[in-house]
Amino acid sequence: MNPLRRMLPSNHALFVFEAVARNMSFTRAAAELNVTQPAVSKAMAQLERHLGVRLVDRSGDGLALTEDGAILHRRVADGFRGIEAALREIDIRRTGIDTVTLSLSSAFTTHWLMPRINTLQEAFPSVDFRFQLIPGALAGPVDAVDLGMRFVEGPDLDHEALFLMNEVMLPVCSPAYLAGRDADGSRTTFVNLSATSPMWSGGVDPGPDWNGSRASLNFSDYAVVLQAALLGQGVALGWASVVSHWLATGDLVPAAARLTRTARMCQLIHLRSRPLRRSVAAVRDWIVAEMRADVAKVDRLYPELGMGRACFDAP
């Protein structure tokens, strides 16, 4: 008999433990596994008795992994990801179709990726794409995806990271809105991302040309913020990683030649424990190449901005 089989009360116990440890909740684990909460509690108690250690601490504040539980969870999660990768490879060999899952902001997907989605599909005809869209701040785990876009410092113990660009912002608007302000420059509408981004009054200065009375539109979804700017409804703060396409096509223009660069970097990351398949690496490299091509076009259109240097030069 396999030694592992003797060390566990049942193979099912590992699935229960992994779901509990990942969700930090017996109730959510039960819903995911389609069993009752008492059944999950019973399975966890049986596993702990069999191992002779506590894996989770239960308190009024919720669940927390013990040191032993954290060790087991790390290894079980790695093992499950390895099995998932093997099963996916077998399925790819059987069907000839690979599936790549990307975790991106809804704004990046709407305003940068969708205009070139046909190009993406032509470049990867044997890949099915799935998207995990994040409407708010670009954050969260990448456990369940092949590749995620995140603002992180760089690689860490759990993640590989490939630099995409520095975080660079500039005021943008439609050409029609910019032309219209010459007729009446006394009132400007600023389109803001509410609560989660720098507001114009919070230190991002569009410049002296935009002095005068101000109105504002505030949205919780950055994709809508940029849509409003594209429709000529005001001046928006444009993240270069999202607006580079529209700047390159001329659908958006700089409202002022003022870039703001932060200390953050936009990276394409994946779990070290999730093997980076050739198709995923190729998609990642395609995103990097397309982004650099967009910024190069913006540099040619607006050399005074120095966007390429701001986006790609080291701090």
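Me: How much space lies in the largest pocket?
Reply: This is a predicted model, where local features need pLDDT of at least 70 and side-chain atom pairs count only at pLDDT 80 or more, while totals for chains, interfaces and linings use all residues. Residues are numbered from 1 along each chain as its sequence is written, and side-chain values use heavy atoms, leaving out hydrogens and water. A pocket here is an open set of points on a 1 Å grid over the protein atoms alone where a 1.4 Å probe fits, with protein on both sides within 12 Å along at least five of seven lines. Filling it with probe spheres set on the points, you get about 500 Å³.

Me: Which helix supplies the largest share of the lining of that pocket?
Reply: The lining has 18 residues (an atom within 4 Å of a point), with Ala77, Arg81, Asp143, Leu271 and Ser273 nearest the pocket centre. The largest share, 7 residues, comes from H5.

Me: How many residues in this lining are charged?
Reply: Asp, Glu, Lys and Arg count as charged. Alongside 5 nonpolar and 3 polar residues, the lining has a charged count of 10.

Me: How do H6 and H10 run, roughly parallel or roughly antiparallel?
Reply: H6 (residues 106-113) and H10 (residues 240-249) pack at about 20 degrees, axes 8 Å apart. Angles run from 0 to 180 degrees between N-to-C directions of lines fitted to C-alpha atoms over the stretch in contact, and under 35 degrees is the parallel cut-off. So H6 and H10 are roughly parallel.

Note on methods:
Helix = DSSP H or I, 4+ residues; strand = E, 2+ residues; numbered from the N terminus. Parallel < 35°, antiparallel > 145°, perpendicular 65-115°, else oblique.
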